[in-house]
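Please examine the sequence and the model that follow. The paragraphs after them lead through selected parts of the structure, one topic at a time.

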Amino acid sequence: MTFDDVIAHLEARFPGGIREIRRALGETTILVRTELIRDVCRVLKAELGFNYLVDIAAVDRFTEQERFEVVYNLVALAHGLRLRLKVRCEESDPVVPSITPVYPNANWHEREAWDMMGIRFAGHPDLRRIYLPEDFRYHPLRKEFPLLGIPGSLPLPEKPESPAR
Amino acid sequence: MSLEQALRQGFFTTRLEALARWAMSNSVFPMPMGLACCAIEMMAMAGPRYDVARFGSEVFRFSPRQSDCMIVAGWCTYKMAHAIRRIWDQMPEPKWCIAMGACASTGGMHRCYGVVQGADQFLPVDVYVPGCPPRPDAVLHAILEIQRKIRERTEPVFAFPEKE
Ligand code: SF4
């Protein structure tokens, strides 16, 4: 199986669902319509052998239309193929369907993307912050977040009285 | 037994206070708060090559209740700071604290929202050890500084009740 087969199969299954295909440097990247991502993943896993989700990344394309981008890296172990899927969403409503029902390990990756970028994953079973305290109100990898954080947003324990020395 | 006799047999006199300080300063049990890469050098210090045992600190105590000196080795995140503070509170008085490495002292290269810019923002640090990571002998020097602090303490070791 080659990438041409993969793309032909996807185009047959999702007419109009693929927004862009980019092939460069031996890598294939497919931008799909956001609402289709779970079905695309399901087809890729069940029919095309992409059985391994390596990682999910989130990108802040600040000042662009459709500000946030979610990147999925998939591998078909039996065929030795690596595929990159992308979806985009608007800043005003950053919601992407969760693919945790298809790839269970997406659970923590999606929680990370929610924690760091503030992208919500619809249908995620347990969308909580994964790194930062649960009462933290910001998403620190967004471009507008200041490098040293917002003073007072992360509480520190009080410094004890220096004992008599 | 007269004093001359006693001295001839190898006795000497001192103040109980000084004796206790001498004993305390030479039995500093560190609490290894290994948080990042610095912890590796802290282990090297405890190992046979640098051998902190020569200075009476050989027992790294993994229970805060048995230790008197916390070595904060590595960068503290805001989330971890609460745990560190709880461990610090469990250590019995008197206690001392070493901020080991650039990160524990100032935040170091981790100049970002998640890392406390210096452990002294929530702990009373006694000795700062510069370096990234500090060499084990630098940490040995910090322990010697703690020992000097213990010997030069003004707080009495024993508090006897006033006589009526
Ligand atoms: S001072 Fe250097 S070695 Fe120590 S914790 Fe920081 S980065 Fe790691």
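Apart from residues up to four places away in sequence, M42(B) touches P32(B), M33(B), G34(B), F60(B), I71(B), A73(B) and M100(B), where contact means heavy atoms within 4.5 Å. M42(B) belongs to helix α3 of chain B; helices (H or I, at least four residues) and strands (E, at least two) are DSSP runs, numbered from the N terminus. With a relative accessibility of 4%, M42(B) counts as buried. Here buried means under 20% relative accessible area, exposed over 50%, and partly exposed in between, with a 1.4 Å probe and protein chains only. Between the C-alpha atoms of M42(B) and V52(B), which are 10 residues apart along the chain, the separation is 9.9 Å.

The model is predicted: local features need pLDDT of at least 70 and side-chain atom pairs count only at pLDDT 80 or more, while totals for chains, interfaces and linings use all residues. Residues are numbered from 1 along each chain as its sequence is written, chains are lettered from A and ligands numbered from 1 in the order in which they are written, and side-chain values use heavy atoms, with hydrogens and water left out.

Helix α3 of chain B spans residues 38–46, and its buried residues are C38(B), A39(B), M42(B) and M45(B). Seen down the axis of α3(B), these buried residues fall within an arc of 110°, so they line one face of the helix; the arc is that of the directions from the helix axis to the C-beta atoms. An α-helix has 3.6 residues a turn, so residues three or four places apart point the same way. The face of α3(B) turned away from the buried side carries the exposed residues I40(B) and M43(B). The buried residues pack against β1 (30–34), β2 (69–73), β3 (96–100), α5 (101–106) and α6 of chain B.

Helix α2 of chain B (residues 16–25) can be read in a similar manner. Its buried residues are E17(B), A20(B), R21(B) and S25(B). They cover an arc of only 125° around the axis, which puts them on the same side of α2(B). Exposed residues L16(B) and W22(B) sit on the face turned away from that buried side, and the buried residues of α2(B) pack against α6 (136–151) of chain B.

Over all chains, the structure holds four aromatic pairs. Rings of Phe, Tyr and Trp (its six-membered ring) pair if their centres lie within 6.5 Å; planes under 30 degrees apart count as stacked, over 60 as edge-to-face and the rest as tilted. One of the pairs joins F136(A) and F145(A), edge-to-face at 6.3 Å centre to centre with 75° between the planes. The rings of Y138(A) and F145(A) have centres 6.0 Å apart and planes at 50°, so this pair is tilted. F136(A), Y138(A), F145(A) and Y113(B) form one aromatic cluster.
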